[in-house]
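Let's take a walk through this one together.

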Amino acid sequence: MALDDYRKKRDFTKSPEPSGDAPVGKKAGAPLFFCVQKHLASHLHYDLRLEWNGVLLSWAVPKGPSIDPKDKRLAMHVEDHPFDYGTFEGVIPEGYGAGIVMLWDRGTWEPEQDDVDAAMRKGEIKFRLNGYKLKGSWVLVKTHGFAGAPNSWLLIKHRDDWAGPIDITEFAPLSVKTPDADFAEILAGGTPDLWTRNPPAKTGDTGAMFKKILARALEISAANKVAAKPPKAKRRS
Ligand code: MN
């Protein structure tokens with residue numbers, strides 16, 4: 001089954017991620033869904049997901065997508081994800097993928113060849129995206145073991161009206177699900193003190209990023225608590 005690998009890696013009593021048991025509530029012939037999740041885990045990366053055959057074909061893109069056709073972004077093909085993963089945003093407290101997930105882009109996609117399964121087997125799939133941030137024509141091409149990684153592909157933007165020399169991850173860094181939320185706000189919406197001990201990354205750039213996000217999340221949540229405090233009850237005389 002397509003979702004076996006996905007389920008094997010996760011403990012759904014500890015992770016808020018969808019188990020994939022819910023039926024895919026989609027009308028036949030409805031446009032295909034795509035999303036990109038920005039995922040701060042042991043390393044920051046972006047997960048590109050394309051709906052196909054009721055699941056989400058998935059690639060982890062360490063540097064994120066680039067709309068500059070000169071860039072070839074490494075994209076590691078990973079396990080299929082359930083369809084309802086496509087709207088997931090939140091905090092994975094521990095275990096596989098522990099960290100913060102932001103829904104960074106979403107929309108629809110169209111294959112640019114007739115046989116998607118054959119394209120996947122061949123290791124070259126051309127497609128159009130229609131998201132908030134990513135649009136136009138793209139290709140994912142398998143490197144066939146380049147750098148010793150059998151699952152490595154490259155994500156490349158084709159030259160069109162939606163291409164340009166802009167760093168889209170810098171230009172548009174925030175959530176498309178929770179208006180303008182960043183990682184700190186997503187963490188503050190859960191249990192922000194979760195990682196005062198033992199964050200998913202402790203050292204290097206990612207460790208520093210977690211530290212900063214945690215400090216801001218605690219500030220946001222403290223401010224929210226003050227704002228939400230009910231007025232003091234009147235003293236009885
Ligand atoms: Mn991920």
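Which element gives the largest share of the lining of the largest pocket? That would be H5, with five residues. Before going on, a word on what you're looking at: this is a predicted model, where local features need pLDDT of at least 70, side-chain atom pairs count only at pLDDT 80 or more, and totals for chains, interfaces and linings use all residues. Residues are numbered from 1 along each chain as its sequence is written, and side-chain values use heavy atoms, with hydrogens and water left out.

Back to that pocket. A pocket here is an open set of points on a 1 Å grid over the protein atoms alone, where a 1.4 Å probe fits, with protein on both sides within 12 Å along at least five of seven lines; lining residues have an atom within 4 Å of a point. The largest one holds about 440 Å³ of space, a volume being the space filled by probe spheres set on the points, which are joined across faces, edges and corners. Of its 18 lining residues, Lys38, Leu44, Phe183, Met209 and Ile213 lie nearest the centre. Besides helix H5 (204-228), at least two residues each come from strand E2 (44-52), helix H3 (168-171) and helix H4 (183-188); helices (H or I, at least four residues) and strands (E, at least two) are DSSP runs, numbered from the N terminus.

Now for the second largest pocket, with about 280 Å³ of space. Nearest its centre are His39, His45, Asp47, Tyr96 and Gly97, and E2 and E4 each supply at least two residues of its lining. Three of those names come up again at the metal: the manganese ion is coordinated by His39 (ND1), His45 (NE2) and Asp47 (OD), at 2.2 to 2.3 Å. Donors are N, O and S atoms within 2.8 Å of the metal (3.2 Å for Na, K and Ca), and sites may look incomplete because water is not among the atoms. Along the chain, the donor residues follow the spacing H-x5-H-x1-D. Both His39 and Asp47 are buried, meaning under 20% relative accessible area (1.4 Å probe, protein chains only).

Last stop: strand E9 (residues 152-157), where six of six residues are buried. Ser152, Leu154 and Ile156 cover one side, with Trp153, Leu155 and Lys157 on the other. E9 pairs antiparallel with strand E4 (residues 72-82) over five bridges; for strands to pair, DSSP must find at least two bridges between them. Here Trp153 is the bridge partner of Ala75. Strand E8 (residues 135-142) also runs antiparallel to E9, joined by five bridges, and Leu140 stands opposite Leu155.

Key. Buried < 20%, exposed > 50% of the residue type's maximum accessible area, 1.4 Å probe, protein only.
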